[in-house]
Amino acid sequence: MSNTPNRSELIVVDPKKRKSFPDIKELFRYKDLFVVLAWRDLRVRYAQTFLGLIWTLIQPLATLAIMVLIFQRALNVDTGDVPYVLFSFAGISAWTYFSFVFKESGNSIIGAGEMIKKIYFPRLVIPLSKAVVGLVDYAVTLLILGFLMIWFSYSPGPAILLLPLFIFMTIICSLTFGIWVSALTIRYRDLQHVVPFVVQFGLFATPVAYPTELVIQRIPKWASILYYLNPMAGVVDGFRWCLFGGSPPHELAYVSYLVIAIMFIGSLYYFKRTERIMADVI
Amino acid sequence: MDNYTAIKIDQIGKEYVIGGSVSGDLRESFNHRFKSLFTTEKKDRFWALKDISFNVEQGDAIGIIGRNGAGKSTLLKILSRITEPTVGRFEMKGRVSSLLEVGTGFHPELSGRENVFLNGTILGMKRKEIASKFDQIVDFSGVAKFIDTPIKHYSSGMKVRLAFAVAAHLDPEILIIDEVLAVGDAEFQQKCLGKMGEVTREGRTVLFVSHNLEAITDLCNKGIFLKNGLIESTGTAIDSVNSYMRSFHESSEVLQRTFPIKKGSGYITQARFVTDKKTPNFEYNDKISFRFEYLLNEDLPDAELNVDLCRGTEKISMYFGREMRPGEKSIKGLNTVELQLPVGILNKGNYYLNLALHDNYRQFLDIQTEALSFNILNKHPRYADHMIKDPGVLNLDPFGKRAE
């Protein structure tokens with residue numbers, strides 16, 4: 001028991017002097033909590049399934065199979081020097097992570113309702129822990145991608161050095177959507193039903209199974225800007241450029257990156273605003 | 001804030017909006033926005049807490065008492081930072097742990113061991129800290145043999161013991177604790193009280209909400225009596241308990257109480273008077289009947305609802321569920337129990353009922369203290385000719401005979 005009250009931390013709660021941005025330092029102090037929550041999700045997800053972790057592989061591989069069938073075999077999509085399997089699996093790996101975090105975050109706050117009503121912690125830990133859980137699947141798909149590249153003996157160019165940046169961007173973009181949807185679902189429960197639709201629609205609105213040029217060349221400029229308003233469009237372009245070289249992302253891809261930055265900061269503000277009523281409305 | 005103050009609370013208030021559209025679906029929300037352009041709608045608001053100010057010195061153990069709905073839980077939630085006050089501010093110095101429930105975040109699929117780490121982290125312990133205290137925690141819980149079994153195979157008693165063992169090994173400077181003692185068996189409750197006593201003797205600051213007035217006077221040095229969201233009185237624990245008891249002589253209004261949904265095997269859903277009266281105020285010879293409902297989520301045929309009839313801090317009589325519905329077993333789903341008090345037996349005064357739902361193994365599933373309260377307005381005519389102020393609690397028939 002410490003007898004030095006001066007050194008203890010001081011907590012001040014004052015609704016008049018409310019902060020409008022999440023306390024990042026505090027969040028860092030709670031890192032054990034999101035690791036343990038992520039670990040719980042992972043343990044529980046595969047606790048009683050027969051195939052366990054193999055499920056992580058089945059979903060992206062099944063998507064790959066259908067993409068090869070439709071876009072390569074049926075539509076004969078041209079991906080230049082890059083083998084189609086490699087090309088589309090790169091897109092699928094980023095997209096699978098995005099859709100996982102987005103979907104899991106949707107109900108995350110409501111699902112953790114019992115905890116939120118009984119104990120204090122920065123609520124941002126909940127969507128964050130979903131982004132951490134997803135990293136396991138993401139790492140597995142990236143590993144498969146690596147194997148595929150060796151299999152096709154495809155060696156990447158110098159742009160590979162920027163790969164961590166685009167992986168980071170994928171994570172931030174997914175987290176942004178996760179934070180928005182987790183906070184919004186508290187007020188608007190309907191959003192739970194909108195999320196699967198957005199994920200399905202997004203899979204085709206994002207250059208996952210086809211090269212961006214194919215679309216950009218055939219639509220007017222304003223429509224291209226609209227296309228890149230989808231933040232994942234720019235991210236997938238950049239991700240693929242790092243892996244396979246070729247020409248860098250279209251200049252309009254910066255629209256995507258700007259959208260991510262704005263939405264990410266916005267999500268933190270909005271989450272903070274919603275945080276204080278969470279325990280009362282769940 | 002000086003060095004010896006642990007908590008300084010300044011004019012705290014919490015307002016809730018009843019039936020407001022804080023949460024809803026999209027259509028509702030748009031409708032609401034649209035309507036509010038043309039009408040100025042008045043929402044029902046109420047202050048769950050108002051004007052709460054007090055200081056807590058380091059090492060104080062403060063008992064917070066009051067009837068259901070007086071704002072005790074809201075106050076603890078605010079001080080635990082689960083919800084924000086609408087107005088006012090407070091400062092707290094020191095490492096805070098709040099225990100509003102035992103076993104927060106427990107997951108049935110995970111083993112006892114994994115749940116200790118999970119629950120400990122949620123309560124604010126570091127991983128290393130839990131690892132170093134792990135053996136002590138398991139020892140204290142008494143479930144060492146099953147520590148690697150998923151807790152879905154545990155009995156409810158085992159779960160509670162494990163959860164409390166984790167909580168007991170927190171090392172806070174300020175401990176905020178809600179009626180966690182209302183679960184588990186009598187032995188377990190004793191263990192909890194013992195641990196609480198230890199914590200207060202070690203000089204930690206404790207805020208404690210309980211209906212167990214004896215525990216309050218035993219464990220706490222100061223008391224706060226809340227009534228309808230306001231501080232009614234503060235002082236020593238004994239003073240506060242006394243003024244709380246005096247408040248029972250005031251009239252009550254409620255004829256029916258519906259209790260919030262609870263998770264778990266079962267809970268008490270409703271308690272009400274069966275009467276034509278508008279308020280629960282009865283003549284000495286009125287028939288007084290009650291109807292209780294409880295919901296079981298599992299097949300627990302031997303579960304029963306016991307009712308204590310109380311006045312002040314005394315239990316006057318106890319009724320068992322099996323007496324109220326003889327020969328009938330509890331069913332999974334909604335169960336109804338009726339109780340009629342013997343006519344003409346209670347004297348003038350204020351009475352209340354405590355309800356407890358037990359399962360087959362004598363574990364409490366749910367407790368509702370002061371579920372209903374009522375007044376007997378007048379004395380039995382037997383006393384009418386006398387100037388006796390307090391004829392006692394019971395009006396038992398005299399059967400004396402002349403001494404030879």
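Reader: Which share of the contacts in chain B with a separation of 6 or more comes from residues 24 or more positions apart?

Author: The share is 70%. Keep in mind that this is a predicted model.

Reader: What else describes chain B as a whole?

Author: Start with its elements. Chain B has ten helices and 18 strands. Next comes burial. Of its 404 residues, 50% are buried.

Reader: How do I read one residue? Is B:Asn347 buried or exposed?

Author: Compare its relative accessible area with the cut-off. Buried means under 20%. B:Asn347 has 0%, so this residue is buried.

Reader: Where does B:Asn347 lie in chain B?

Author: B:Asn347 sits in a loop, between β16 (333-340) and β17 (349-358).

Reader: Which residues does B:Asn347 touch, leaving out those up to four places away in sequence?

Author: Among them are B:Arg311, B:Ile376, B:His380 and B:Tyr383. The list also includes B:Pro391, B:Gly392, B:Val393, B:Leu394 and B:Asn395.

Reader: Now a polar case. Which side chain makes a polar contact with the side chain of B:Asp286?

Author: That of B:Lys277, at 3.2 Å. The side chain of B:Asp286 also has a polar atom 2.8 Å from the backbone nitrogen of B:Glu283. B:Asp286 itself lies in the loop between β12 (281-282) and β13 (289-296) of chain B. Leaving out residues up to four places away in sequence, B:Asp286 touches B:Lys277 and B:Val343.

Reader: Turn to chain A. Which residues make the nonpolar surface patch of about 540 Å²?

Author: The patch is made by A:Phe50, A:Leu51, A:Ile54, A:Trp55 and A:Ile58. Take A:Ile54 as an example. A:Ile54 is in the loop between α2 (31-47) and α3 (55-74) of chain A.

Reader: What is the mean pLDDT of chain A?

Author: The mean is 88, and 96% of the residues in chain A reach 70 or more. Confidence is highest in helix α8 (residues 163-187) of chain A, at 95. It is lowest in α2(A), at a mean of 85.

Reader: Where does pLDDT stay under 50 in chain A?

Author: Over residues 1-7. The model has ten contacts beyond four places in sequence for that stretch.

How values were computed. Residues are numbered from 1 along each chain as its sequence is written. Chains are lettered from A and ligands numbered from 1 in the order in which they are written. This is a predicted model: local features need pLDDT of at least 70, side-chain atom pairs count only at pLDDT 80 or more; totals for chains, interfaces and linings use all residues. Side-chain values use heavy atoms; hydrogens and water are left out. Helices (H or I, at least four residues) and strands (E, at least two) are DSSP runs, numbered from the N terminus. Buried means under 20% relative accessible area, exposed over 50%, partly exposed in between (1.4 Å probe, protein chains only). Contact means heavy atoms within 4.5 Å. A polar contact is a pair of N or O atoms within 3.5 Å; within protein, one must be able to donate a hydrogen and the other to accept it, and residues adjacent in sequence count only if both atoms are side-chain atoms. Patches are made of residues with over 30% relative accessible area and no salt bridge: like charges are joined within 9 Å, nonpolar side chains (Val, Leu, Ile, Met, Phe, Trp, Tyr) within 5 Å. Accessible areas come from the Shrake-Rupley method with a 1.4 Å probe; for residues, only the protein chains shown count as cover. A salt bridge is a side-chain nitrogen of Lys or Arg within 4 Å of a carboxyl oxygen of Asp or Glu. pLDDT is the predictor's confidence in each residue, from 0 to 100.
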